[in-house]
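Have the model open beside you and try each task before reading on.

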Amino acid sequence: MKLNISLKHFVLELLLSVGIAFLLSLFAKEFTFWFSSILILLLVWHHYNEFSLLQIINPNRPLEKVKKVSGIEHISQTAAYYQARSRREKIKTLRLLSKLNRNIQYLPDAIIICEHNGDISWCNNVAQDMFAFFWDKKSTKSIFNVIFYPEFKHYFRQPNRNRPLVLLTHNQRYIELNLNSYDSESYLIIARDVTSFIRLLHTRQTFLANMNHELRTPLTVLQGYLEILEGELDNPTLQKKAIEAMKEQSQRMNNLLQQLSILAKIEGSNNTEHQAIDLSQLILTIRKNTDILHDSQQQIEFNIEPDIFVIGDEGQLQSAVSNLIYNAVHHAGNDATIKISLEKTAQGIRFCVEDNGVGIETQHLAHLTERFYRVDESRSHKTGGSGLGLAIVKHALEQHHSYLEIQSEVGKGSQFAFVIKDEFITESLK
């Protein structure tokens, strides 16, 4: 419809121009002169109307730009308008791409674009840090020299990749790799470090397996004695033995649940609950219980510097200190000498439990703070340990920005210590 109206206007203007040119040619000049002049006037008139219309459509156009007339504006203002708009959109897109290219360097995932033969076309800094290589546009580097594992080469050459590939690297990190087509000539590789996630799953599985093991033993004992008592109601000796065994196993389960509750509470706490506490007095309070628990053949020496005040959670620090002391009492040996000290050092407040007992083999030291880890299953059953004590210590110290230092040698004893930094020390209770 619009095309028909425009065509009618064009024909009418053309007929009108022919008519006016013919009439004027009767008086002066020839027809071609007048017809050309009228067409030029019509062109100028249309050009002016087009310019006025664009000014209405785009009123914010700067005046200084109006004065600068480009070559195409002499032909068509509309063409010039759309050309300028296209230029602005291209500039905006280029700026967006430039900003995206800068920001993509800060993405947590590694991104690599490589050709089908494996040559790297582009990668971000995270990829270079993750796979420990340097990439330069001027030099050619193959993806197979960067990710050199046979599993990746097989995954790269597969026609169908329905699932991502998880690699265990030489530095014991788990890397998840997704490979997709970027265009007809290259691939896009996205890699992310999933070590913490996989370790969390492993910890969860280990926790459930350990809980199953820990609860199965006492429940089996309870169930067995209950079945025996059911058929031996007139045997007082057996009844007494069964009751003692069931009390022992029920107490063991109760201790396990209490320690799990303490551990869960510590992991869910935050620093807003911290306040000034007297660490010296806290340790001296634990000393009273230690005098009752320790073997008479053991010697326990306390060297506690008085009036040491720190900012922290009293319950968590009490759990950490008491677990370290009780572990030494239970596991150091009958003739061991246990030295417990609290003193100010250049690094901060240092608490240490040292003994000259049986010691711990080197291969166990890195695992002592894991949940349910035991150096010796038979020894822990005799002492009633659940394998959660040092895990509680570890997480309690993390809440105070500290960590557990462990040194031990078989036959020479062990040393467990931690340092509370100066920033958490205060002069008095407030």
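**Exercise 1. The aromatic rings**

How many aromatic pairs does the structure hold? Then work through the pairs made by Phe-144.

*Solution.* Before we start: this is a predicted model, where local features need pLDDT of at least 70, side-chain atom pairs count only at pLDDT 80 or more, and totals for chains, interfaces and linings use all residues. Residues are numbered from 1 along each chain as its sequence is written, and side-chain values use heavy atoms, with hydrogens and water left out.

Step 1. The structure holds eight aromatic pairs. Rings of Phe, Tyr and Trp (its six-membered ring) pair if their centres lie within 6.5 Å; planes under 30 degrees apart are stacked, over 60 edge-to-face, and the rest tilted.

Step 2. Phe-144 and Phe-152 make a tilted pair, with 6.3 Å between centres and 55° between planes. Phe-144 is buried at 14% relative accessible area, and Phe-152 is buried at 1% (buried: under 20% relative accessible area, exposed: over 50%, partly exposed in between, with a 1.4 Å probe and protein chains only).

Step 3. Phe-144 also pairs edge-to-face with Phe-156, at 5.0 Å centre to centre and 80° between the planes. Because Phe-144 lies in helix H7 (residues 143–146) and Phe-156 in helix H8 (residues 150–157), this pair ties together parts twelve residues apart in sequence. Helices (H or I, at least four residues) and strands (E, at least two) are DSSP runs, numbered from the N terminus.

Step 4. Put together, Phe-144, Phe-152, Phe-156 and Tyr-187 form one aromatic cluster.

**Exercise 2. The surroundings of Ser-341**

Which residues does Ser-341 touch, not counting residues up to four places away in sequence?

*Solution.* Step 1. Locate Ser-341 in strand S9 (residues 337–344). Its relative accessibility is 17%, so Ser-341 counts as buried.

Step 1. Look for contacts (heavy atoms within 4.5 Å): Ser-341 touches Asn-303, Ile-304, Arg-350, Phe-351 and Cys-352.

**Exercise 3. Helix H12 and its ends**

What caps the N-terminal end of H12?

*Solution.* Step 1. H12 (residues 314–331) has 18 residues and reaches 26 Å from first to last C-alpha, close to the expected 26 Å (1.5 Å times one less than its number of residues).

Step 1. Asp-313 is the cap, with a side-chain oxygen 3.0 Å from the backbone nitrogen of Gly-315.

Step 2. Just after H12, Gly-333 takes a positive phi of about 120°.

Conventions: A polar contact is a pair of N or O atoms within 3.5 Å; within protein, one must be able to donate a hydrogen and the other to accept it, and residues adjacent in sequence count only if both atoms are side-chain atoms.
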